[in-house]
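Visitor: Could you take me through one part of this model in close detail, and tell me what lies on either side of that part?

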Amino acid sequence: MTGKTVTRAQLSEAVYQEVGLSRNESAELVELVLEEIAQSLSRDEVVKISSFGSFLVRQKGERIGRNPKTGEEVPILPRKVLVFRPSHVLKNRINEGLGGDAG
């Protein structure tokens, strides 16, 4: 794996190439979509994108953790965590070609 990262600018460029909006409009559209996803998640709503997956916020309760250096027990406070569950379509797409014919 090469460790490539897709940036907002690259997403905007892809929208520009595929949809035909101006570069500024494409960047604005990407920002609006990302902002809507972020706002929905901050309201504890589930964001489902068909054939891609679901983003949801999960509440984790307080628990006792351990400092790995000292072994000392420390409380870990309750918090919210972001979870992504890929759809079966996305999982299948990612795993295409791994069935033994790696050419």
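Guide: On one side of helix 2, the residues Asn24, Glu28, Leu32 and Ser42 are exposed, where exposed means over 50% relative accessible area, buried under 20% and partly exposed in between, with a 1.4 Å probe and protein chains only. This is a predicted model, in which local features need pLDDT of at least 70 and side-chain atom pairs count only at pLDDT 80 or more, while totals for chains, interfaces and linings use all residues. Residues are numbered from 1 along each chain as its sequence is written, and side-chain values use heavy atoms, with hydrogens and water left out.

The buried residues of helix 2 are Ser26, Val30, Ile37, Ser40 and Leu41. Seen down the helix axis, these buried residues fall within an arc of 110°, so they line one face of helix 2; the arc is that of the directions from the axis to the C-beta atoms. They pack against helix 1 (8–19), strand 1, strand 2 and strand 5, contact meaning heavy atoms within 4.5 Å; helices (H or I, at least four residues) and strands (E, at least two) are DSSP runs, numbered from the N terminus.

Helix 2, residues 23–42, lies across strand 1, strand 2 and strand 5 and runs at about 140° to strand 1, with axes fitted to C-alpha atoms, for helices over the stretch in contact, and angles from 0 to 180 degrees between N-to-C directions. Just after helix 2, Asp44 takes a positive phi of about 60°.
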